[in-house]
Amino acid sequence: MLHRTIHLFRKELRLHDNPVLLAALESSAALYPVYILDRAFLTSSMHIGALRWHFLLQSLEDLHKNLCQLGSCLLVIQGEYETVLRDHIQKWNITQVTLSAEMEPFYKEMEASIQRLGAELGFEVLSLVGHSLYDTQRILDLNGGSPPLTYKRFLHILSLLGDPEVPVRNLTAEDFQRCRAPDPDLAECYRVPLPVDLKISPESLSPWRGGETEGLQRLEQHLTDQGWVTSFTKPRTIPNSLLPSTTGLSPYFSMGCLSVRTFFYRLSNIYAQAKHHSLPPVSLQGQLLWREFFYTVASATPNFTQMAGNPICLQICWYKDAERLHKWKTAQTGFPWIDAIMTQLRQEGWIHHLARHAVACFLTRGHLWISWEEGMKVFEELLLDADYSINAGNWMWLSASAFFHQYTRIFCPVHFGKRTDPQGNYIRKYLPILKNFPSKYIYEPWTASEDEQKQAGCIIGQDYPFPMVNHKEASDHNLQLMKQVREEQHRTAQLTRDDADDPMEIKVKLDRSEENISKRKVARMTE
């Protein structure tokens with residue numbers, strides 16, 4: 001007997017490589033593609049801000065358009081998850097609910113509540129892994145039930161597992177023709193809302209437009225340059241280039257508009273035809289494996305997104321300073337490199353991974369000694385590619401609370417950006433108040449004379465703030481604090497320490513050397 005199925009889209013907002021949607025089509029006589037827009041859940045659990053709302057709504061509109069081309073449609077139903085399901089399961093005589101399995105606690109809880117509802121109302125629930133390369137549970141099982149806490153150990157477990165499953169076939173109009181589609185009037189009743197319907201500001205400056213169609217186009221553009229693909233090395237990308245020097249695909253992976261398995265195997269095909277290519281962890285495939293590493297650790301680590309009760313995270317007495325946190329968040333630190341990054345983040349919802357390194361280090365162990373949890377919340381709100389596991393994992397990393405152990409390396413908020421953009425073009429773009437300063441002052445405008453400041457049309461302390469801290473004094477002080485913490489909590493610090501060369505140490509070597517990079521390891525921020 002074929003099912004009457006509600007297929008729930010959550011993060012897999014695509015039709016390509018969607019294994020559970022394919023299974024739903026093959027087992028159903030009628031299929032209702034549904035996205036439940038639970039505003040309270042999206043605000044409280046996922047903390048999405050205005051730019052991400054725009055990206056989500058664009059992705060839903062694109063998904064609806066692509067479903068229509070295959071003879072179906074997307075039904076966007078607003079309301080609380082369980083209430084919406086209970087109502088429509090009875091209204092549509094549903095016998096099956098299908099959805100993609102996710103690893104975040106709030107998604108796991110949601111799936112468990114759907115399972116309980118199924119037991120109560122008599123419908124089946126089918127969930128399959130589609131958002132990650134591997135089923136993280138298989139990795140945990142091979143590692144004795146616990147997550148591998150170092151990248152080296154993680155790669156060893158993957159070597160035992162073998163390659164990820166290949167992407168499932170593309171869906172066709174014939175697949176949907178075998179199932180009864182929702183009545184056309186339902187599509188009008190449950191249309192994708194506009195930003196104004198949700199009282200979200202209609203303005204969006206982000207160059208990233210949401211949706212599977214846009215994501216696939218960007219993917220193809222990158223893969224046409226096979227030389228760039230095979231030679232890609234993460235540490236050699238530029239943090240303050242005016243266009244992304246990395247793929248810029250991360251928002252599409254985060255929302256599930258692009259399949260990571262599709263990207264992985266497309267890369268494998270290109271690598272197979274090349275004489276030489278970069279290797280993990282610095283290669284493009286290596287970036288996907290870093291994503292998988294954080295997914296795996298997060299899936300089995302209690303309280304992964306907070307310090308308290310998190311067994312792999314150093315317990316640090318961070319300062320609580322709302323005023324300083326606000327200055328950092330609103331690009332008022334007085335350090336143009338830091339403020340330009342935070343401005344780009346707020347305007348566009350994306351910044352380069354090394355730019356993320358710089359502002360995260362500044363907030364935490366480098367200068368302000370404010371908790372990584374506060375920075376994680378800001379990124380969660382502002383980043384288009386915000387991701388439960390990667391965001392928290394990288395903030396622990398960059399604050400040296402876990403994973404990263406070369407804590408003596410602190411990014412200078414003046415000289416770091418100057419290395420790759422000595423003219424300060426990035427700062428001039430995102431902080432136009434400083435655009436008329438000569439290049440020698442653009443990273444530290446407070447060193448210009450009063451006459452030079454007047455000539456530039458910007459008086460420091462009046463039109464743009466003085467630096468909120470003294471770089472050397474603050475970083476030296478915090479270095480001693482971190483040294484003491486790590487000595488007192490040596491056992492915790494060692495949990496995530498790899499025996500191999502430290503990734504950040506090797507990044508420095510890469511900056512100075514033209515040697516073969518294929519064997520070197522480097523820290524990364526998934527973007």
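Select cysteine 68 to begin: with a relative accessible area of 37%, cysteine 68 is partly exposed. Here, buried means under 20% relative accessible area, exposed over 50%, and partly exposed in between (1.4 Å probe, protein chains only). Before going on, know that this is a predicted model, where local features need pLDDT of at least 70, side-chain atom pairs count only at pLDDT 80 or more, and totals for chains, interfaces and linings use all residues. Residues are numbered from 1 along each chain as its sequence is written, and side-chain values use heavy atoms, with hydrogens and water left out.

**The cysteines**

What is the closest cysteine sulfur to that of cysteine 68, and how far away is it? The closest one belongs to cysteine 73, and at 5.9 Å the sulfurs are too far apart for a bond. A disulfide is a covalent bond between the sulfur atoms of two cysteines; the search counts a pair of cysteine sulfur atoms within 2.5 Å. Across the whole structure, that search finds zero disulfides.

Now pick cysteine 257. Cysteine 257 is in no disulfide either, as the nearest cysteine sulfur, that of cysteine 68, is 17 Å away. Is cysteine 257 buried or exposed? Buried, at 0% relative accessibility.

**Two neighbours to click**

From cysteine 257, hop to serine 59, which touches Cys257 along with Leu13, Gly210, Gly211 and Met255, leaving out residues up to four places away in sequence. Contact means heavy atoms within 4.5 Å. Serine 59 sits in helix α3 (residues 50-69); helices are DSSP runs (H or I, at least four residues), strands are runs of E (at least two), and both are numbered from the N terminus. Serine 59 is buried at 0% relative accessibility. Draw a distance from its side chain to the backbone oxygen of phenylalanine 55, and you get 2.8 Å.

Next, select alanine 187 in helix α9 (residues 184-189). Alanine 187 is 119 residues from cysteine 68 in sequence, yet their C-alpha atoms are 9.9 Å apart in space. Leaving aside neighbours within four places in sequence, alanine 187 is in contact with His64, Cys73 and Leu75. With a relative accessible area of 16%, alanine 187 is buried.

Most residues other than glycine have a negative phi. Zoom in on aspartate 17, where phi is positive, near 40°. Aspartate 17 lies in the loop between β1 (3-8) and α1 (19-26), and is buried at 1% relative accessible area.

Then try asparagine 93, which has a positive phi of about 55°. You'll find asparagine 93 in the loop between α4 (81-91) and β4 (96-101). Asparagine 93 counts as exposed, at 53% relative accessibility.

**Last stop: a helix pair**

Select residues 322-329 (helix α15) and 372-382 (helix α18). Their axes are 11 Å apart and the helices pack at an angle of about 35°; axes are lines fitted to C-alpha atoms, for helices over the stretch in contact, and angles run from 0 to 180 degrees between N-to-C directions. Show the side chains: Leu325, Trp328 and Lys329 in α15 meet Glu374, Gly375, Val378, Phe379 and Glu381 in α18.

Conventions:
Polar contact = N/O pair within 3.5 Å; in protein donor to acceptor, adjacent residues only side chain to side chain.
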